[in-house]
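Subject: Structure handover

Hello,

Please find the structure below, followed by notes on what was found in it.

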Amino acid sequence: MTIIVNTNSNLGRADKKEVKQNIDIKKKEKIMAIAKVLGLDVGTSNTVLAKLEGEQINYTTIRTAFLDIEDMPMFKNMLNRQKIPFMVHNKKLYIIGESAIETAGAYSKEVKRPMKKGILVAKDQESVMIMRHLIETIVGKGNGEKICYSSPEIPLDEPDFDTLYHKELIGKILKDLGYIPMSINESHALSYSELVKYNFTGLNISFGAGMTNAVLTINGVPVVTISVAKGGDYIDRMTSKMQGITETIVQIRKETGVDLTAPKDNFEQALVFYYKNLIRFVIEKFIERFNASSNIFIKKPIPVVIAGGTSKAVNFNKIFTETLNELGKLPFEIETIIMASDPINTIAKGLLFAAAESETK
Ligand SMILES: Nc1ncnc2c1ncn2[C@@H]1O[C@H](COP(=O)(O)OP(=O)(O)OP(=O)(O)O)[C@@H](O)[C@H]1O
Ligand SMILES: [Mg+2]
C-alpha cells in the first residue's frame with residue numbers, strides 16, 4: 001500500500017481558519033494544565049482543533065470532506081500550482097477539506113464525506129483512510145499529550161449505529177499518532193466551556209450537521225444524555241425533497257443567514273418547518289429519556305446552552321423558545337437560554353478544558 005502525501009502545506013488555504021480568543025482564567029496552574037493538552041471536535045461537517053498558544057486559544061478548522069480524482073500528471077500539476085494539499089493512493093488523488101469542495105465545483109463532481117450522521121463510515125476503507133489523514137493533518141504527531149475528542153451516544157432514532165466502534169477508531173488514530181486519547185459527548189464539552197459560572201449545571205445542546213447531542217449536567221456530571229441522528233443535514237435533505245432542489249443548494253442558501261422568524265418565500269418557510277421539527281424532536285426525546293431516568297429532582301431553575309453550526313441561523317433562539325412553549329414544560333424551570341457566541345469552536349474549547357481537568361485531578 002503506497003500513500004504519498006503532498007507536502008506543499010499541511011492544510012488547504014480555506015481550511016487554515018484560525019480564531020484566537022483570550023482565555024479568562026487567572027490561575028497559573030490551570031493555564032499550565034491547558035497548555036499541555038488538546039481538544040478535538042470530530043464532526044460530520046467540521047473537525048476543529050483547540051489548542052492553547054501563549055494565553056490564547058487557537059482554533060484550526062478543517063472541513064470533514066474529500067474528493068478523489070484520477071491520478072494524472074495534469075491534475076497533480078494543477079494541484080501543486082495552486083498549493084492544494086493531496087495524497088495519492090491506489091492510482092487516485094485525494095484532496096481533503098475545503099479544497100475538496102472548491103475542486104469538486106471546478107470539476108462538477110460531488111464532494112464525499114468520511115462521516116455520516118455523526119459517525120465514521122467505518123465499513124468503507126477509503127473513509128477510514130481519509131479520516132486518519134485528515135486527523136493527522138490537523139493535529140500532527142504527538143508526544144504523549146492528552147487529547148480529548150468528541151464522540152456521540154447511540155442515537156435514539158438509529159439504534160443500530162455503532163458509535164462504540166467509531167469512538168474506538170478515532171481513539172486508535174490518535175493513539176497511533178502519539179497522543180493519549182480520551183473522549184466525551186460533544187454536548188458534555190459545552191458545560192466545560194459555557195457553564196463555568198453556573199457550576200457546570202444546565203442542559204447543553206449541540207445542533208450539528210449529522211447529529212444533535214444533548215446532556216443535562218449537574219455539577220459537571222452528565223445525568224441524562226441523548227443523541228439523535230438529525231441535524232443540519234436533515235434540514236437540508238428534507239427541504240431539498242420538499243422544494244425539488246439539491247441539498248447543496250439548500251445548504252448554501254440556508255447558511256446565507258435566513259431569519260427563522262420572518263420567512264420570505266416557500267423555500268424559507270420549508271426551512272423554518274424543518275428547523276422546528278428538529279427542535280421538537282430533540283426536546284421530546286430528551287423529556288422521554290429524562291422521565292425514564294428515576295429520581296432526578298432539580299429544585300432551582302437552570303440554564304440551557306445552545307451551540308453547534310445549525311444554531312447559527314438568525315433567531316434560532318426565538319424558534320427554540322417558541323417550540324418549547326408549544327410543547328409545554330420541561331421537567332425543570334429554565335433560568336436563561338445561553339446562545340454560545342462562537343457556536344462551532346466552543347465545543348473544541350470545552351474538550352480542551354475537559355482534557356486539562358482530567359490532567360489536574
Ligand atoms: N450560518 C449558518 N446558518 C445555518 N446553519 C449553518 C450556518 N453555518 C453552518 N451551518 C450548519 O451547521 C452545520 C455544521 O455544524 P457543526 O460544525 O456544528 O457540525 P458538525 O460538528 O460537523 O456535525 P456533527 O456534530 O453532527 O457530527 C451544517 O449543517 C451547516 O449547514
Ligand atoms: Mg459537532
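**Two lysines in loops**

Lys83 sits in the loop that joins helix H2 (73-81) to strand S7 (86-89). The model is predicted, so local features need pLDDT of at least 70 and side-chain atom pairs count only at pLDDT 80 or more, while totals for chains, interfaces and linings use all residues. Residues are numbered from 1 along each chain as its sequence is written, and chains are lettered from A and ligands numbered from 1 in the order in which they are written.

The phi of Lys83 is near 55°, a positive value in a residue other than glycine. Lys83 counts as exposed because it has 12 C-beta neighbours inside 10 Å. The cut-offs, with C-beta atoms placed from the backbone, are 20 or more other C-beta atoms within 10 Å of a residue's own for buried, 12 or fewer for exposed, and partly exposed in between.

Lys117 is not a glycine either, yet has a positive phi of about 45°. Its loop lies between strand S9 (115-116) and strand S10 (119-120). Is Lys117 buried or exposed? Lys117 is buried, because 22 other C-beta atoms lie within 10 Å.

**Helices H4 and H5**

The axes of helix H4 (residues 125-139) and helix H5 (residues 163-176) come within 10 Å and cross at roughly 45°. Axes are lines fitted to C-alpha atoms, for helices over the stretch in contact, and angles run from 0 to 180 degrees between N-to-C directions. H4 is therefore oblique to H5 (under 35 degrees is roughly parallel, over 145 roughly antiparallel, 65 to 115 roughly perpendicular, and the rest oblique).

On the H4 side the contact is made by Val128, Met131, Arg132 and Ile135, and on the H5 side by Leu169, Ile173 and Leu174. Two residues are in contact if their C-beta atoms, placed from the backbone, lie within 7 Å. By class, the contact of H4 with H5 has six nonpolar, no polar and one charged residues (Ala, Val, Leu, Ile, Met, Phe, Trp, Tyr, Cys and Pro are nonpolar, Asp, Glu, Lys and Arg charged, and the others, Gly among them, polar).

**The whole chain**

The chain has eleven helices and 17 strands. Of its 361 residues, 42% are buried. Along the principal axes, the C-alpha atoms fill a box of roughly 65 × 55 × 35 Å.

Regards

Key: Helices (H or I, at least four residues) and strands (E, at least two) are DSSP runs, numbered from the N terminus.
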